[in-house]
Amino acid sequence: MAVSALRKWAGEAPAPIFVAAGEEMRDRVELLFNDGRLVRAASPRHAAIFLIAGRMRLEDREDLRRLHDQMPHPRVTLLWEAEVGEALGEAERFTGSTLASDKDAGEARRLDEAVRDRLEGLWQELASGERPSEPDLLHDEPPNPWEGIGPHGQGGKGMMGGTPYGRPMAMTSDDLRDGLALDPYTARFGPFLPVFPPGLLLEMTLQGDVIQLAKVLRAPLRQAASDHAPEALLRLARLLDLLGLPALSQRARLAAGDRSSSTLEKLGRTIRWSGATLAIPPGLGALEGHADLRTRLNDLLAIAGGSSPATRPELPESAHLSSLLPGLEWSEAMLVLNSFDDKTLSMLAMVMNEPDEESDGHDHDGDHMHHDHGGHHDHGGSHNDHGGHQGEGGHEDQGDHSSHQSHEHHNRHGGHA
Amino acid sequence: MELIAALLLLLFLSVGFAGAALADGMLPALISGQARPSWRRPIAEAARLLQTQPIRTEAPDALLWFLAPALYLALAIIGLAVIPFGPGLVTIPSEVGIVVWGSCEALTIVAVFMFGWSANAPLPLIGAYRYVAIALPAMLISMFVLIGAALPAESLGFTEIVEAQRTVWNVVRQPAGLILFLMLGLAISLRGPFDYADPADLAGGTTADVSGPALLAWKIARLAMLVSVSAVTATAFLGGYLGPILPGFVWFLLKTALVLVVLVAAGNLFARVPPARMMGVIWTMLLPLSFLMLLAVGLELLLWG
């Protein structure tokens with residue numbers, strides 16, 4: 001009785017959706033959430049529906065499977081024009097349209113509405129218990145062997161002896177910001193971390209919340225080139241979300257779907273009053289010819305308000321995320337990442353082939369931390385790695401979905417500085 | 001008397017909590033221009049979270065993870081217990097109410113840190129550390145501001161502070177103090193421009209790896225803390241239960257509701273400054289400002305008091 005009452009109530013909640021947006025689908029997916037029946041989850045842990053939209057790369061499939069398993073029960077997956085083979089098992093497919101750009105606007109809008117209805121329908125079925133929750137796709141097993149030897153199971157002799165589950169004891173190293181040395185921490189972030197451009201996979205070494213090293217492992221997925229004003233509004237919305245203004249961000253998204261000059265003017269005024277531009281440190285994310293973040297935000301406000309975008313010169317050869325991000329604190333880095341248009345970002349985030357992939361294995365010299373995570377257990381593409389700090393490495397029990405690992409045994413190191 | 005006050009506390013907390021949940025749903029919709037959600041939505045969300053599987057991460061600090069929301073909620077309730085709801089209506093009459101509230105403020109740092117730490121994952125941990133860095137100086141500010149409110153009363157008890165406001169409310173004495181205290185309110189209820197623990201850029205920060213009932217508990221504790229800090233603001237700056245015609249409790253409820261709405265609106269209307277910059281602002285601008293406010297009140301009382 002109580003359970004059925006709870007179920008009835010739960011069905012009235014907006015459908016919590018975690019999104020993995022593929023090629024050309026980011027903007028369309030973002031506009032889906034203009035509907036109050038759906039809510040976008042910040043982490044797969046908060047979601048019940050996994051929406052996979054658009055074409056995905058082969059190498060992303062493993063991450064999608066892992067993300068799927070990180071969602072709590074009850075959960076369900078919807079593939080929207082997604083080509084992922086059998087990676088997601090028997091997940092429901094929503095098709096019946098090609099890309100938005102090929103159709104006229106009215107048709108695209110009708111299809112988007114159909115997707116919203118289906119998502120809401122799925123949530124109703126799930127909440128009422130009609131639809132069973134989807135089982136795990138991967139085995140729940142650690143990436144590296146436990147190697148528990150020694151009095152505390154640390155895996156070897158002495159304090160620093162072993163690497164249980166492939167993770168060594170944390171060690172401090174030099175700091176870029178203020179000289180307060182913390183233990184560096186290397187992990188993969190992405191490819192579907194909600195604050196990242198879809199598809200971007202970075203391997204970053206963090207010290208506290210400061211990025212020490214960033215390496216692009218997978219470039220962001222190509223996005224549809226749309227006309228300027230809605231694109232600018234959606235980019236503005238993403239920045240506002242990062243600045244702690246979700247309500248204004250939603251307003252910008254609503255404005256992107258339905259633009260009228262009076263709403264845009266009011267929106268622009270509210271954003272200025274919120275102190276969004278002042279909040280950003282001057283000079284942050286400055287790029288030759290592309291000004292700093294504050295200027296880019298002001299430009300976005302202007303474009304959203306109807307003025308045409310200023311033409312920017314070509315990027316300097318050397319401009320790349322691997323040089324732009326280090327030294328930035330996490331939330332500054334996220335603002336910088338989201339401040340570029342798709343074309344600029346794709347040039348900044350090109351995958352650079354480094355020849356030292358093998359030589360990496362030789363710099364075991366104690367000064368570096370060798371976070372040998374083997375595989376990444378992605379949380380919403382987010383945290384690929386836990387532990388390290390606690391050193392105990394006690395393995396999770398069956399309830400844990402965070403540590404699904406890819407089966408190849410990576411030997412990656414934190415210290416390829 | 002204490003028993004009545006204790007019952008009133010329960011009533012106040014439930015009414016305040018319902019109001020906070022409602023305001024938290026309605027105001028963002030109003031600001032974003034979206035259709036207003038139903039009043040049933042917070043209950044529906046709660047029902048959903050209750051039926052969601054609780055996630056365990058790899059090697060979490062399970063005990064602290066479980067206790068953190070409880071501690072946070074307890075701090076909110078303890079803080080509320082030293083606040084007078086009406087003349088003589090205090091659950092725990094204390095001559096050092098400000099000290100009790102101050103320790104509740106300070107211990108929220110522990111609660112939030114525990115919550116972020118226990119998941120054993122990087123993004124929650126960053127959120128937790130960030131909160132410690134920001135909340136510590138924010139607590140200092142709030143203490144200076146509250147001492148400024150206590151000076152005219154020559155007492156650290158909230159009842160005396162309210163009585164001392166019969167002539168003039170503290171908000172007139174130190175208007176900047178009220179604003180600084182509202183900032184603290186945003187900080188300890190993890191809200192909007194001061195939400196450094198659970199922000200979107202950390203994929204939910206300390207909650208990034210929390211699902212189901214635990215997430216619900218955390219949300220409840222956050223809202224309860226919002227109610228508490230609104231009540232303290234109303235008491236310390238807006239004359240608490242003082243007011244004509246209506247009974248004291250009603251005045252207190254109205255003033256608390258006003259502060260709460262202001263806090264929720266502010267949480268949606270002001271941008272969050274990146275943490276490093278915010279640290280600079282707090283230590284170099286806001287903290288000296290709170291000093292000056294304290295000095296001004298002290299001089300006023302010394303010369304004309």
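Predicted model: local features only at pLDDT ≥ 70, side-chain atom pairs only at ≥ 80, totals over all residues.
Which residues of E7(A) point one way, and which the other way?

Chain A contains twelve helices and eight strands. Of its 417 residues, 56% are buried. Among its contacts with a separation of 6 or more, 69% are between residues 24 or more positions apart. The chain exposes about 17,100 Å², and carbon and sulfur atoms supply 54% of that area.

Let me now return to the opening question. In a regular strand, side chains alternate between the two faces of the sheet. In E7(A), A:Leu201, A:Glu203, A:Thr205 and A:Gln207 point one way, while A:Leu202, A:Met204 and A:Leu206 point the other way. Both sets are buried. The strand, residues 201-207 of chain A, is thus described as mostly covered, with seven of its seven residues buried.

What are the pairing partners of this strand? E7(A) pairs with strand E6, residues 184-189 of chain A, in the antiparallel sense over six bridges. Within E7(A), A:Met204 has A:Ala187 opposite. E7(A) also pairs with strand E8, residues 210-218 of chain A, again in the antiparallel sense, over seven bridges. Here A:Leu206 stands opposite A:Ile211 of E8(A). E7(A) and E8(A) form a hairpin with two residues between them. In that turn, A:Gly208 has a positive phi of about 60°.

I turn to chain B. Its secondary structure comprises eleven helices and zero strands. Buried residues account for 58% of its 305 residues. For contacts between residues at least 6 apart in sequence, 80% join residues at least 24 apart. Chain B exposes about 11,300 Å², of which carbon and sulfur atoms supply 78%.

I shall take one helix as an example. Helix H3 of chain B, residues 62-81, has 20 residues. From first C-alpha to last it reaches 29 Å, close to the 28 Å expected at 1.5 Å a residue. Where does H3(B) bend? The bend, of about 30°, is at B:Ala68, and a proline, B:Pro69, follows within four residues.

Both B:Ala68 and B:Pro69 are buried. Other buried residues of H3(B) include B:Trp65, B:Tyr72, B:Leu75, B:Ala76 and B:Gly79. An α-helix has 3.6 residues a turn, so residues three or four places apart point the same way. The cover over the buried residues of H3(B) includes helices H1 (2-32), H4 (97-118), H8 (175-188) and H9 (212-237) of chain B.

Methods: Residues numbered from 1 in each chain as written. Chains lettered and ligands numbered in written order. Heavy atoms only, no water. Expected span 1.5 Å × (residues − 1). Bend = angle between axes of the 7 residues up to and from the residue. Buried < 20%, exposed > 50% of the residue type's maximum accessible area, 1.4 Å probe, protein only. Contact = heavy atoms within 4.5 Å. Pairing = 2+ DSSP bridges. Areas by Shrake-Rupley, 256 points an atom, 1.4 Å probe, with all protein chains shown as cover.
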